[in-house]
Each structure stands twice: as C-alpha cells, then as structure tokens.
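Let's take a friendly walk through this structure together. Have the sequence and the model open beside you.

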2 protein chains.
Amino acid sequence: MSPRAHRLLSALLATAVIAAPVAAQTTYDSADPFIGTGGEGHTFPGAVAPFGMVQVSPDTDTGCEIRDCYGHAAGYRHGDPTIQGFSQTHFSGAGHSDLGDFLLMPVAGDAVPLEPGDPAKPRSGYRSRFSHDQEVARPGYYAVSLIDHGVRAELTAGPRVGVHRYAFPAGKAAHVVLDLRSSLYNYPGKILWSSVRLRADGTITGSRETRGWAPARKLFFAIRPNVPLQGHAFLDREENIPYRGFQGPGRGREDVVQLQGRALVARLDFGKLASPLEVKVAISSVDEDAAIANLESEAGDFDAIRARTRAAWEQALGAVEIDAPAPMKRMVATALYHALLAPSIFSDADGRYRGPDDQVHRAEGFTFHSTFSLWDTFRAEHPLLLLVQPESRNLDFVKSLLASQQASPFGLLPVWQFHGRETWTMIGYHAVPVIADAYLKGLRGFDADAALDAMVRSASYGPYGGLDDYMKLGFVPIDREPEAASKTVEYAYDDWTIARMAGAMGRAGIARRFERRAGNWRNSFDAQSGFLRARKVDGSFRTPFDPTAINYGSDYTEGNAWQYSWFVPQDQAAMFALLGGDAAAAAKLDRMFEFDNSKLDYSHAEDIAGLIGQYIHGNEPSHHVAYLYAYAGQPWRTQERLKQIVESQYKPTPDGLSGNDDLGQMSAWLVFTALGFYPVAPGSNEYVIGRPFVDRATLALPNGKRLLIVADGLSDANRYVGRVALNGKPLDRAYLRHDEIMAGGELRFTMQPGPERTWGTAPAARPYSMSTARPER
Amino acid sequence: MSPRAHRLLSALLATAVIAAPVAAQTTYDSADPFIGTGGEGHTFPGAVAPFGMVQVSPDTDTGCEIRDCYGHAAGYRHGDPTIQGFSQTHFSGAGHSDLGDFLLMPVAGDAVPLEPGDPAKPRSGYRSRFSHDQEVARPGYYAVSLIDHGVRAELTAGPRVGVHRYAFPAGKAAHVVLDLRSSLYNYPGKILWSSVRLRADGTITGSRETRGWAPARKLFFAIRPNVPLQGHAFLDREENIPYRGFQGPGRGREDVVQLQGRALVARLDFGKLASPLEVKVAISSVDEDAAIANLESEAGDFDAIRARTRAAWEQALGAVEIDAPAPMKRMVATALYHALLAPSIFSDADGRYRGPDDQVHRAEGFTFHSTFSLWDTFRAEHPLLLLVQPESRNLDFVKSLLASQQASPFGLLPVWQFHGRETWTMIGYHAVPVIADAYLKGLRGFDADAALDAMVRSASYGPYGGLDDYMKLGFVPIDREPEAASKTVEYAYDDWTIARMAGAMGRAGIARRFERRAGNWRNSFDAQSGFLRARKVDGSFRTPFDPTAINYGSDYTEGNAWQYSWFVPQDQAAMFALLGGDAAAAAKLDRMFEFDNSKLDYSHAEDIAGLIGQYIHGNEPSHHVAYLYAYAGQPWRTQERLKQIVESQYKPTPDGLSGNDDLGQMSAWLVFTALGFYPVAPGSNEYVIGRPFVDRATLALPNGKRLLIVADGLSDANRYVGRVALNGKPLDRAYLRHDEIMAGGELRFTMQPGPERTWGTAPAARPYSMSTARPER
C-alpha cells in the first residue's frame, strides 16, 4: 500500500471506529482527544504517547500580546479558524501555561512567509485555515488538512520522539518553517536565547532558553527529516541589538549553518517531493546530542511509531474497560486518556535530565518524570494512577519527586514542577500526600526514611508560604502571608499524611508531631460563622468577611470561604461537629449547592468555572465536596449531587470540560466517580462510595488482578444505590478499602429509583475521620 | 607567624626583591605584572597560575556605558583612582574584550552599599580608593589596601582556583559583595541570565550567561569562604520585568537561598572576624557541581596555594634565565610572564568543558585550553611556547584546536576562541600555522592526518571570509568581502604551512594544491605601486588608493598598505624581486620606518599604537618587518631597527607596552628579540637572527637541553653583531635552524660598535624563502 493510500485508509478507519457499535468499542476506541479543547478545558488534540516526553500538537494561536493567552494555554482552541503550526510540547489542561516549543509549519510553493500572519487575513503568513471536517484526533495520532497550503499534516509520537508527516501538493516545492520565536504564554522578553544549526548529516539541532512560567528553562531539540535538505535559511529577526558581535562564516547569507539570537526563524527547503515528508523531532533538557540520542532511541518511520504508540495506548487505556452508553463511554474513556498524559517522562534515553537546580543529573534505575501539578493531582489523579498504572510508573513518580527534592536549592519537594523546573505555583506541599498515599497503599522500592525526611523538610522550611508562622502559631497569619486560610487547612491535611506514613513506618516522634499539626485546621475555623477564615497574627479573624468573595491574593486560593471551608479530608467528623452535627453539615452542603449566585460576577477569576451555586467543579477545592454527604450519613445526597455534577460539568464534546483539566485531575474525578467511588482523603486508604455511572467496568489492576464493577439496573431512573456487594457479600459501609480493590473480584451495585436511607448510614459505616478513627486503620 | 605578620612580611619581601641586586634576581624575581596595565597594554596585575583557568584581578572600572570601555579591556587601568572589585576572569592584553566574571568586593562595617558608586565620589558605592604605594603584584599574587573600607585584600590563584584573602579592620563586620551585573565590555543587555544560590554547606554557587564578545557564553561559579556565613542578601535589581512569574520561598526576603534574574547582586555577611577571611572561587563551563569539583581539586589555604603557584611560576619562568641590566631584565622577564598566561586551561578537573557548539565535551587524555588569539599568536607566541613549555602543554594546544574543530558547527578550526566559544574576530585561519609549525618542529602525539584534514577544511570552507572567491579567483575580491587585501596574503601564508606539513607527511596532493595557493599573494600585489592592494572581482585594483589610510572594513585589517605589503613571510625573496630587488626593498623598508606621519591622525583606530613612521609596533602586522632587512642581505639594518623598536616601544613601567599585549604576542616578540632571533615564518623551522639585548641567557628547552646565549661585549655602543658562533663554530647565516636550538649548547654573539657588512649577507646566508628554498629544507 502506498503511504498516501495507507494514510487515507487510516483516517477513514479512525473516523469509522467512532461510529461503530458501542459494544465493539474499547476504551482506546472511545477516547476522544478533542474533548476539552474548547471551553476552558485547556487540553490539546495532538499526538502523545502515554506520559510521553513530547506532546506534538497544533497551535491555533500563541503569544499573550496577540490574543487570549489563557484560552490558548494548550495552544489549540477548537473554535479558532487557523493553525499556526505544530509545536512539540504542551500541557494538558493547565491554567497557567508555557511550552509550545519548536513550532514547525509545512508550507508549499515558492513564496514562503516567515511570519505567522493574521488569522483574520488568510495567506498573510505561514498559518493556514483548517476545517474540523478534515481533522482526526486519536490517542497518539492527529491529522488535519492545511487548506491554504494544500498540505495534509499528520502527527504521531513515541515516548521520546514526535513524528510529523506532511503530504505536499504535487508539483509544489516543500518547505517547513521552524519558528523559534513562537511559544505559549509568550510575553515580550520570554525568549532569552536560542540557536539553530544544520549538521553535516542533515539533522537540524538547536536550543532555546525561555523566561516563562519556569524561569530560564533550557530545552534542546533535534529535527531529522527523512529526505535530504535541498536548502535552508536561518534568520534573526531581532532589531536594535545593542551589541551584535563579530559575525562568522556566511554573515549576510541566509544559508549560514549556525545562528544564535533571540528572534530566530528557519526555513527548511526540500524541493518537490514524490512522497510525503516525514520529520522526526526530539527534545532534551541536557544538550543537542542528547536530543539526537532521544530521536534515535525510537526506530522506525511514522507508521511504525504510530503503531507502537497505538499499542501502548490500547494497553494503558485497557486498564479500565467499560460498558456504558456511548456519550458516557466517550467521556470516561477520554477522561482516562487525559489522566495518562502527565506526569511526563523528562529524562533522556540515557537517564540524564536537568533538575530544579538547573544542573544535569542522571536518573539511576528509574525514569525521571516531571510536570507535577500537585495542588491538583494529589486529590484523585495520583490515586487513580496507583490503580491503573504499573508499580514501576508510580515508583518513577515517587523517585522523581525525591530526586527533585535532592536537587532543589531549597531542599523542597516539588510544588508545581515542569521540565525539571519549579514554578512555585499554587500552595501546599502536596508532593507529601502523593508519596504518603503511595507508601500507605504498599508502594515500595524507594528509600522511605529518606522520603519521610524530605517530606518533613518540605513541611518545616520556614521561608516557604508562611511555614515559620504556621509552626509557631498553628496557623498562617493573613497579615504576613496571602491566602492564609487555604494554606492553613492544606498544610494540616498534608501534615496528617506525614503522620500516617511515619506511624506506619514506626517513626513515632514524627507521627506524634505531625498528628498534632494535622489538627491545625481548627485554628482557622470560625465556629461562629461556620466558615474557614483567615486569622491575623494577633489571633483575630480578618474583617470584613464575605464568604462569596473571590480575589487573588485574598484569604483563599482561587476560591472563597464556601469552597475552602470543607477542606478537612482528614477529619470531616470533627469539622461537622463544629458545624453543629451531621444535619447542620448536610444542610450547609445544600446551601452551597443551591446558593443563588445570579448576583455574583466571577469573570475576573480565570480558574473559576463550572459553578453550581457556590460549588465550583471547574476548580479543585470543590472536588471532594459532593462526597461529604456520606460523612454525614446521607450517601443518597452524595449520589444526587454526583448526578447533578456529571450531567452539568462533563460533555462528550470539545467544550465538554467545565474547567481546566489540570493535568488529569478533572478527568480522574470523572473516572473514579463513574466507577462509583472517590479518594476523598488520600492517605486514609479508603475510597468513599458514590454511585456508578457505567453499567459495567473492569479494572485491570497493576498487581495483575481484576476488579469487575457492575451497576445492576443502572438507568436515568435508577439513580440511587440500593445495596452494594463485594464478591457476593453485602457491603454496608459508605467506603471501600484499598486492599479490597487490590484483591480484585466483583463490586456490584444494585441501583434503584429512590434513595436508600438504610445503606451506608450507620456511624460505623462512615468513611475515615481522624478523630473518630477506628484503631485498626 | 600570624597570618597578618606573614602577609606583611610577604609584602615586604615582594617589594624587597624588586630592589635587590640584579645578579641575585631570577626571571621570577624580575617579572612585574604592572607592566602594560597603563597605556594600551591591556594587561592585568592580578593573580594567575601559568595558563591558569582563573585570572583573579582588580577591576578599576567596568561597563561600556559608564567609561572608556576599550581602556578597561582587562578591567584595571593603572591610572584609575578606585577599585570596583575583584573579578575572576580576565584577558591579558586583548583589544576587544569580555569576561570580568563574578566580581567580589569586601566591605567593612554596617552600611554595605550594593551599587559600585562613582569613582569621583568616594564612598558613593562599594568601590574603594587605593594607592599604588600599598599595592603589590607578583606572578601568582596581588595585594592592595582598600582605603575606603580599611581592608587589606590579597589574591592568589592555582590552575583552577582563585583565592581571595581579605583582612577586615578589627571590630567591624566583614561583608563581601558579589555583583553578578558586573562584566567587562558590559553593553546593556549583555547579561542574559544569572543565578545565585546558597548551599547547605555554606558554598555559594551560581551561573551567568552573557551576550558579549562570545554570544551566549555560560559560566558557573562556586565560592567557598573559610568561615561560616552569618547572613546574606540576594537581590534582583531589574526593574520593569515583563513577566515576573510565581515567586518561591522567601519572596520579599533578602535571605532567600536562591535567586535568578538579569541584575543580581549578593551581600555575604561574616560578622566580626578575628582573622582574615579567605574565599576560594572556582569556575566551570559545565555546571555548578563541576565548579565545586574544580574548587576542591586544589587543596590548601591561601598560603599553600600561593606557595604552589609561586613554585610553578619559578619553574615556568626559569625556562629563560637572563643576565641584563635591571630595566631590560624586568622587561624581558615580564614579557615571558605575559607569554605564559594564555591559551588558558578551560576543561574542568574531570576533563569536561563546553565547546564551540555550546555542548559539553570531555577532553580525553589532554587538558582543553581556550583563549586562542590566533591572528596575533601564530606569529611569535606559539613558536615561543614550543621552546619554553613542555611538549605536553603544546600538545594540549594542538588537541584543543582539533577538538574545537570537531565541535565547531562549521567544522572550522578556531579563529579567535575563548571559553570554548568562537568570536570570529580578526581574519585568516591561523590555527593552521600553529599546528603546522608544531608538527614541523617535531611535535607528535596527535592524529596528524586528521589534523591536516581539519586544516584543509578550514582553508576550504567557502562561506568563511571570501574563501569561495579566493579558491576560484586566487584572491579575495574587495567588492564582495571586506579587508580583502589582508585576507588574500594571510590565506596564502596559511596555505603554505599546509603545503609544508602535507609535504612532510607525504600527502603530496594536498602539498601541491596548497603550494600553488601559497603563491596567491602575488594576485593582490601591485608591482606598479609596490603595494599589496585589494582587487575587485573584475581583476582591477580598487581606487582611490591611499597607502596611509586606516579604516575598519577597508581593504586592510587594522592597518594599511604600508604594513600589510610586507606580509609574505613564506616568500620574501619573490616579493623583494617584485619590489625591484634587495636594495629597493631595503629602501622601501627605510621609507616605512622614516615616514613623516605628522599629518596623519589614526586616533579613530583603537588598535593602532606604537608608530615609527608607518611601522606600527603596537599591532601585529608589523611585527616581522624589522627582520626583513636580513632577507635583503642587510642584517645590520635589522639590528638598528630592533634597537629603535625596543627602546621606543617597551618600558619597565605600567605604560611599558606600546600596544595591546594580545595574549602574549607583543611580549613574545620581545623575548625572542632580546634573545637575538625571531620566527619570521613559522613553518620554515628557521629563526631570523637579529641582535641580542641581554648579556647572557639560558634557555631551558622542553627536551631537557639548555641553550646558553651570550652577547659578548654588548653595550649601548656595541649595538651591532660582529660575528656569531654556534657551539664554537662560526655561524655565517642570518638565521638559526630549529634543530640547532633544540640541540642545546652555546650561541655566542660578538657585538661591535659598527655595522658588520660581511656577516650573514651572502645569498646562501639568507633565511628561507619559498621560491629560492634550498632543497634540504
């Protein structure tokens, strides 16, 4: 079969499987990378391998000066009319952003524009119009027709390589533009330096250093086309250079073989081609040779790599196979797909990577992963990965966190890290619950004592986020540290996970110390108003107090008192007691969901989306809240809220995510919720039972066992859990234990049309709370 | 002995030896690092080990926006009233400049300024007044009193470490300012990025990336004080940052342990100290850990390292021991000292270094050296180092050049390289004669075939300096390439050295090809005017033609037709024939030296200094010219001109160099000339005999042999060579052969008051010329 015929067939097949009967569809078949590319999901439709180092994807626009920067956090917006090019690196669902490195764009014909041009003015630059009709996005594969150039562009990716395949129109010269000026969240001055060179063997290598979300991030690239270069131009578009220096060979000539500067653009010429051009691209944080080694670490052409990555996706997504109506199946399959993108591989094929100290390290015996969006992902994303990914992958995460701590100039575990660099985004030290949860769930193979020491260090470093005051006062004082209320409760939760892990390890001193700290949430809880509030150094609550106010740098982090007052996952019972007991707590939950916010305007707050009253599903602080009714002995209310949330916040369409996917957290919430349980308090080894949204699901666990989940009688009418059976035995608790899941077997829900007020309601049936914890836990 | 007493004694001794009787003085004793620090010598007085990686030296001013940039190419100007600080890297005698990395300044007391301040306003910043009375400069040691701070500062250096010793006034708090904004030739925007961090063990590490002479040069540092830090401040003085990013631990606090940015300054606090503070500093092009490893590669404190480096200097300078009147001895000893500073060690203790491709490489089995000022140093500096340095050092140079070619994005040997980076300064491919000369003089231990291939590649790369036209037309056309006349003759000479080496290796094809190219100088020689002139593509000479004009980008490189028309070292006889024969040539040489330039103004041309008529000793194109009388059979005229030059162009004082020392070339000229011979045509294995300026000299050769040079009867009156004897046998030639020098023994000049018109004048006694070469050569 000719490459072109093969490609057309592939495209047809890709479309065909989506339309095939539901029963025949695997999770791979159902995953739709377009979900979240509209609205504020901030996902990208391009090609990536599971946890892949490169994320090759179209950028419809870039640059904060030009357009809506927040909306282009992943480069692509489904509603945009043009594609600017295909860059090699993208975040999946980040709120803030960066990346978009090494943008390539195929251009056909003799006139090759070197500026992107205006989307409103077709052919004003190298960007091109495109149509969704001619667009395909599958896990590991993307294709689109670039209308203005007559080029069919396809993308695929392996773990450390991206491959572009461009079919140029017959009889027209083939060119590829490499624009080193292009970047996501591209403020003026972001490009500190860049370089490009043509090597004797035809490989194009180079580097870029950017001052973006991560300051002074260095990244190298290697680009290798499958046909010889016929010509090229390397140009520096910077003007008013204060000192240009002496100029080397080829000065004034476009075909200079090496160029450095801050505004470089390259044109690569291939002449008229009889078959599609394939361009392999790899990156490295170490150097150009390492980028070449990464490129060469994955043999084969476009089709070979596409096939391998398809197999990898089929295996990874096969961890959760489901039966459900097509829309739900597509939503859950895509959610699992989005949950398997990050943390991303970052070490080179030889194990080297650039760490948080900007120095090169070598990962010995593990693969260094980066892109840790921990404030988001400690909640459900990492717990999900412990269930659906091999131990080795989860061990890579833990070892990467610990290696990062070792290399941190501050001795701290990552907060929000990508490409090995710390961004200090969001709050807390949520690498701590990730490691503790993994340890408590049985992950071994790392130095647990060193890990615990690193966790204690991260929880005790005075200059970080008001920790010095927190350790002295028991709370973060708002007159010394912004977002003090949120910090206090998140620290207290993180502290509890340290106590849990230390206790399990027999390090009793640390366990006692951090168990005490785990109660610090009380110091910021105003029993009078029933809200978490920020206190000042003198102990008084800051006034004026408006529980609906959302302002950056205020008492709360991307939220207000309504969302944050529920954040005591380690001791929900004690918090409910402060609120006046279960009934009062449930009533307050109702007030939250039913709050009339018609008079409120949160349009100034980028991350605030997906509102149900004061419940904000588009951002993480709310994610566990619907499950809290179960702690109040009203699991049917949890079930009701979950239906409300799933139906209003997720859709099987490009605008199907109500908020940023946040590197898988929004999606992990859906995967768990669809299966019928959710990790409200990672570190407790419990999952609170909600209600399933799929008819059947098979969980292929990393220990080789399988858990079959069945929702008998599930329908829109049968929306309540009547009873639950684990391996045929009735389960009367509102929670599952981790060991129960890992043992495999069958979890059977029997659904019914009305609330079941006898199941899971007894005090002993309620999920873990620190103050009421049964001794065996 | 207390450190302070020891230090005072050292200072006294240092002063004392200068004043001691001449007879007792070794070359080490006589070397005076202040020579060249005034005028336009551009040398520095600070501490450096032979070929040392760090050059720790005071900067009296930095920054092109602020002051005379050219005059501060080495940071220090002897006439300046204040010292801004002590930076770790300096060029010795460069015209253009860079470096001045990692400036440290001790400050005593409670108020610590963090801006350098105005030299005209004492105490307006951290800079301090100083007095030459309290200043000591010896090879490997420098000391000065900082009047405004009451601090005695001493500097020493090992091969890969600098050590600062600061004695603070009793009872005052000791501080050190580290200013990462400071740099030499510091145009706005030069600092692309920098970082500083305090490690847990008290070591301060960091990095800087600059856009200076070498674009995007990366350098890392490690600073380790001998007492614990009591406190510190890391500050970013950049304003109007377009995107500041999220801020990490310690934001808003000065004692943050890590900071990145473009305008960093650090204050290191040591409290009140009972003994002087010692601060070790090392650099690396690889990373911070490598800088630490370099720092730790040299054990011992200030005194131990100072003693080791003194011993190293005594040995290195001991290669030439001389008897001469004190002023001459001081000039020649200092010249040898300046000749032993570069090329500098650049690979780390573990062999790694960052090469011309900005990537990290490892020198296997050799030490990578950089700072190759080849347009200058191919003439006499490298030939001198072949006589006074071990084979291993010269092999390091050759291997470093070859490794650089391997890593060059262009596949070219270095042109003007420092810190592993190519600057493309000046013209020619003069790594070629350096390698050829070394090979022809018997240096082995490198892959000569690969070297020859690299040389041919450098001589054949079309886009470099008009080489494509040169290869087609036989000359560089001025309508396509600036400085075409100079390029044509320098290429032709370089080509001849390729032919010589290829011939010696038996690679006859290359030898023939490049022997033909060696005659290309004829294509730009205008027999009519008797001058080298620039031709256009159509073959015509460019008009108007003014042999006295000096303009950058003109037909000539830093010079005019007068200086450049003599550059045919490979075939002086043929060139003299074109001029009309020996008499006409000698008469033209006379016209050059006696030219009335009272009406000419060359003040616009930075590198033009040291004029004797149209002879310009302050720049390299003239350096061989005085020796050319010997090719015309008039060696006594050479002797006269040498006396004229030595007496007018060199002084044993800070303003004792008439032009930039150019990494040792000006000095190497003096060393050779003082000994009585000079390598007019490296590659010929001959040295043209001039006349000695010292009574006796002993050359300790790298093969272990010794050549004793005696100038019988030398005096101001006895200024002519009467006869020469080699090992007792009369030597009637006007040249020495390299093998004769290397065999050791005694070279005896008998001096006389009048010209000796019979010695060295016969046609067979004249030095090598290609067209008249005797077959045995």
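The report below goes from the pairing of the chains to domains, a sheet and some individual residues.

This is a predicted model, in which local features need pLDDT of at least 70 and side-chain atom pairs count only at pLDDT 80 or more, while totals for chains, interfaces and linings use all residues. Residues are numbered from 1 along each chain as its sequence is written, and chains are lettered from A and ligands numbered from 1 in the order in which they are written.

**How the two chains pair**

The same surface serves both copies, since 95% of the contact residues of chain B recur in chain A. Here, two residues are in contact if their C-beta atoms, placed from the backbone, lie within 7 Å.

The interface brings 42 residues of chain B into contact with 41 residues of chain A. On the side of chain B that touches chain A, strand 11 (191–198), strand 15 (258–261) and helix 3 (288–296) of chain B each supply at least two residues. Strand 11 of chain B gives the largest share of that side, four residues. Helices (H or I, at least four residues) and strands (E, at least two) are DSSP runs, numbered from the N terminus.

By class, the side of chain B that touches chain A has 21 nonpolar, 11 polar and 10 charged residues. In this scheme Ala, Val, Leu, Ile, Met, Phe, Trp, Tyr, Cys and Pro count as nonpolar, Asp, Glu, Lys and Arg as charged, and the others, Gly among them, as polar.

**Domains and annotation in chain A**

Within chain A, the domain assignment gives domain 1 (45–314) and domain 2 (355–458); such bounds come from an automatic or database domain assignment. The C-alpha centres of domain 1 and domain 2 of chain A lie 30 Å apart. Their contact takes 11 residues from domain 1 of chain A and 11 residues from domain 2 of chain A. The side of domain 1 of chain A that touches domain 2 of chain A has eight nonpolar, two polar and one charged residues.

UniProt, in an unreviewed entry, lists residues 291–752 of chain A as "domain: Glycosyl hydrolase family"; UniProt positions are given in the numbering used here, feature names are shortened, and annotations may be inferred rather than shown by experiment. Residues 291–752 of chain A are 39% helix and 15% strand, and the end C-alpha atoms of the span lie 57 Å apart.

**A six-stranded sheet in chain B**

Chain B has an open sheet of six strands in the order 18-32-33-37-34-35, with mixed pairing. Two strands pair if DSSP finds at least two bridges between them. The edge strands are strand 18 (320–323) and strand 35 (729–730) of chain B, and each pairs on one side only. Strand 34 (residues 720–726) and strand 37 (residues 745–752) of chain B run antiparallel and are joined by six bridges. Arg723(B) stands opposite Thr750(B) in strand 37 of chain B.

**Backbone details**

| Site | Feature | Angle |
|---|---|---|
| Ala342(A) to Pro343(A) | cis peptide bond | omega near 0° |
| Ala342(B) to Pro343(B) | cis peptide bond | omega near -5° |
| His42(A) | positive phi | phi near 60° |
| Phe51(B) | positive phi | phi near 55° |

Pro343(A) lies in the loop between helix 5 (326–339) and strand 20 (344–345) of chain A. Pro343(B) is in the loop between helix 5 (326–339) and strand 19 (344–345) of chain B.

His42(A) sits in the loop between helix 2 (27–30) and strand 1 (47–48) of chain A. His42(A) counts as buried because it has 30 C-beta neighbours inside 10 Å. A residue is buried if 20 or more other C-beta atoms lie within 10 Å of its own, exposed if 12 or fewer, and partly exposed in between, with C-beta atoms placed from the backbone. Phe51(B), in the loop between helix 2 (27–30) and strand 1 (57–59) of chain B, has 23 such neighbours and so counts as buried.

**Around Tyr185(A)**

Tyr185(A) lies in the loop between strand 11 (173–179) and strand 12 (191–198) of chain A. With 22 C-beta neighbours inside 10 Å, Tyr185(A) counts as buried. Not counting residues up to four places away in sequence, Tyr185(A) touches Cys64(A), Cys69(A), Ser97(A), Asp98(A), Gly212(A) and Trp213(A). The C-alpha atoms of Tyr185(A) and Gly100(A) are separated by 8.7 Å, although the two are 85 residues apart along the chain.
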